[in-house]
Amino acid sequence: MTEKCDSRFYKDMEDIYGAHNYHPLDVVLSKGKGIWVWDVENNKYLDFLSAYSAVNHGHCHPRILKALNEQAKKLTLTSRAFRNEQWPLLAKELSTLSGFQMVLPMNSGAEAVETAIKAARMWGYQTKDIPEDKAEIIVCADNFHGRTTTIISFSTEPLYRKDFGPFTPGFRVIPYGDLDALEKAITPWTTAFLVEPIQAEAGILIPPDGYLKRAWEICRENNVLFMADEIQTGLGRTGRLFACEHEGVVPDVMIIGKSLGGGAYAISAVLSQREVLGLFSPGTHGSTFGANPLACAVAREALQVLQEEAMIENAAQMGDYFMARLQSLKSRHIRAVRGRGLLIGIELEPEAGGARRFCEALEEEGLLCKETHEHVIRFAPPLIIKKKDLDWAYKRIKKVFKELD
Ligand SMILES: *Cc1c(COP(=O)(O)O)cnc(C)c1O
C-alpha cells in the first residue's frame with residue numbers, strides 16, 4: 001500500500017456512504033493529544049481550529065478522560081424520569097461559576113438556542129401580555145445559531161435556507177452592530193434580542209466598542225431580554241469566561257455549549273436568573289439525553305480543569321501575543337487581522353483567491369485550520385497552547401503567505 005492509500009480509503013468510503021453536508025479538508029484524523037492531532041498515515045498536525053472551539057481543553061485531556069471513564073463504568077443514562085447524582089452538582093457548579101441562578105441542560109448548541117427561544121417566548125407571554133402567537137425576537141444579520149428549521153428561519157445565509165422552508169415566523173433581522181436599528185425594531189410584542197458577542201462563523205466580526213453595553217441598556221429600557229449566544233465565544237475562548245464580560249455586560253439569558261463537554265462529549269446549557277428559566281414547569285420542555293450523568297461528569301471536570309489550569313488567562317495572554325505577531329505579517333493578500341483572545345480571523349482581499357487554498361497550504365505545513373465563509377481564515381487553537389507552539393505556527397503561516405503571494 002502506498003502512503004496516501006489509507007486516507008484515500010476512508011475518504012472514498014465517506015464520500016460514497018456519508019451524506020455530503022460538509023466540505024472537510026482531506027485529512028483523516030485518528031489520534032489526538034493536547035494541541036496535536038495525527039492522521040491515519042501518522043502525520044502530525046497542530047490543531048488550529050479546536051473543533052470550532054469544542055476542544056478548548058485540547059484533545060483527550062487526561063483528567064477529562066478519567067472523569068469520562070470513571071462515570072462510564074458507573075452510570076451513563078437515566079433520562080429525566082429519574083434523578084441522578086451528577087446533574088445537581090453540575091447545575092450548582094455552573095451556577096456558582098457563571099453567577100446565573102438556574103441552568104437548563106441540553107445536548108447540542110442548536111438545542112440550547114431552541115430552548116432559549118422557547119424560554120423567551122414563554123417569558124414574554126407570561127410577563128408582558130403579548131397576544132398569543134405574536135411574540136417577536138430580534139436577531140442580527142449574518143448570525144449563526146445552529147441548523148434546526150426554526151433557527152435557519154432567521155438565518156440570512158441563503159445556503160442554509162434554500163429548499164428548507166416553510167420557516168418559523170416571529171423573528172426580525174437587523175444589521176449587526178447597529179443600535180438605531182435595534183431601537184427601531186422593538187415593538188410591544190418584542191420579547192428578546194438574540195446576539196453573538198462576536199460573530200465567529202460570519203468571519204470573526206467584532207461589533208463596535210460599546211455596542212453590547214448599549215444594546216443591553218436598550219433591552220433593559222424596553223423590558224426585552226438580552227440573550228447572548230456564547231456557544232463558541234464562551235468558557236474562555238476570548239480571554240474572559242464570557243465574551244460579554246469585555247463590555248461588562250451580564251445577559252439575561254446565556255447560551256453555552258461546545259467546550260462545556262471538554263472536547264469529549266456533547267452537552268449544552270441555557271443559563272439565566274430564576275425569573276426566566278424558573279417559568280418552565282414539568283412537561284413544557286425536555287430532552288432524553290439532557291443532563292445525563294456521563295455528560296454532567298465530563299462537564300464538571302471540564303469546568304474544573306478550565307479554572308485550575310488557568311486556561312482563560314492563557315487565552316488572554318497568548319491571544320495578545322499571537323495577534324501582535326500576526327499584525328506584523330506583511331502580505332498584499334491580507335485585508336485585516338482581528339480577534340479577541342484566541343479567536344482570531346485573517347480577512348483576505350477578494351483577489352487572494354479565497355481562504356480555502358491558504359488552509360490547504362497550511363495543512364501541507366502541518367497546521368490545521370478552516371476558512372469561514374470565503375475570505376476569512378479562522379485561528380482558534382486549544383486554550384492550552386504555549387508561546388513556542390504559536391511561534392511554530394507563525395513560521396508556517398508566514399511561509400504560506402510568502403509562497404502564495
Ligand atoms: C456551533 C454554534 C452553534 C450550534 O451548535 P451545535 O452544537 O453545532 O448545534 C450555535 N451558535 C454558535 C454561536 C455556534 O458557534
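This note goes through the domains, sheets, helix contacts and backbone details of a predicted model, point by point.

1. Domains. The domain assignment divides the protein chain into domain 1, covering residues 9–47, domain 2, covering 62–308, and domain 3, covering 310–354. Between domain 1 and domain 3, the C-alpha centres are 25 Å apart.

2. The four-stranded sheet. Four strands form an open sheet with mixed pairing, and their order is β1-β2-β3-β13. The edges are taken by β1 (29–33) and β13 (367–368), each of which pairs on one side only. Inside this order, strand β2 (residues 36–39) and strand β3 (residues 44–47) run antiparallel and are joined by three bridges.

3. The seven-stranded sheet. A second open sheet, again described as having mixed pairing, contains seven strands in the order β4-β10-β9-β8-β7-β5-β6. Its edge strands are β4 (102–106) and β6 (171–174), each pairing on one side only, and from one strand to the next the twist averages 20 degrees. At the β6 end, strand β5 (residues 136–140) pairs with β6 in the parallel sense over four bridges, and C140 is found opposite I174 in β6.

4. Helix α4 (residues 86–98) lies across β4, β9 (253–256) and β10 (268–272), and runs at about 125 degrees to β4. Helix α9 (residues 211–221) lies across another set of strands, namely β5, β7 (190–195) and β8 (225–229), and its direction makes an angle of about 145 degrees with β8.

5. The contact of α4 with α11. Besides lying across strands of the sheet, α4 packs with helix α11 (residues 293–308), their axes coming within 8 Å and crossing at roughly 30 degrees. Because angles under 35 degrees count as roughly parallel, α4 is described as roughly parallel to α11. The crossing of these two helices is left-handed. On the α4 side the contact involves Q86, W87, L89, L90, E93, L94 and L97, and these meet P293, C296, A297, A299, R300, L303 and Q307 in α11. Sorted by class, the residues of the contact of α4 with α11 are 10 nonpolar, two polar and two charged.

6. The contact of α12 with α14. Helix α12 (residues 311–327) and helix α14 (residues 387–403) have axes 11 Å apart and pack at an angle of about 25 degrees, and they are therefore roughly parallel to each other. Their crossing is right-handed. From α12 the contact draws on M318, Y321, F322, R325 and L326, while α14 contributes K387, L390, D391, Y394 and I397. The contact of α12 with α14 holds seven nonpolar and three charged residues, with no polar ones.

7. The contact of α13 with α14. Helix α14 also meets helix α13 (residues 356–364), and here the axes come within 10 Å and cross at roughly 125 degrees; α13 and α14 are therefore oblique to each other. The crossing of α13 and α14 is right-handed. F358, A361 and L362 in α13 meet R396, I397, V400 and F401 in α14, and the residues of this contact divide into six nonpolar, no polar and one charged. I397 deserves a look in the structure, as this residue of α14 takes part both in the contact with α12 and in the contact with α13.

8. Backbone details to check. Most residues other than glycine have a negative phi, and most peptide bonds are trans. Against that background, what kind of peptide bond joins G165 and P166? The bond is cis, with omega at about 5 degrees, and P166 is placed in the loop between α7 (158–161) and β6. In a predicted model, a careful reader may wish to view both sites directly.

Conventions
Residues numbered from 1 in each chain as written. Predicted model: local features only at pLDDT ≥ 70, side-chain atom pairs only at ≥ 80, totals over all residues. Heavy atoms only, no water. Domains from an automatic or database assignment. Axes fitted to C-alpha atoms, helices over the stretch in contact; angles between N-to-C directions. Parallel < 35°, antiparallel > 145°, perpendicular 65-115°, else oblique. Left-handed = near helix turned anticlockwise from the far one by under 90°. Contact = heavy atoms within 4.5 Å. Nonpolar A, V, L, I, M, F, W, Y, C, P; charged D, E, K, R; others polar. Pairing = 2+ DSSP bridges.
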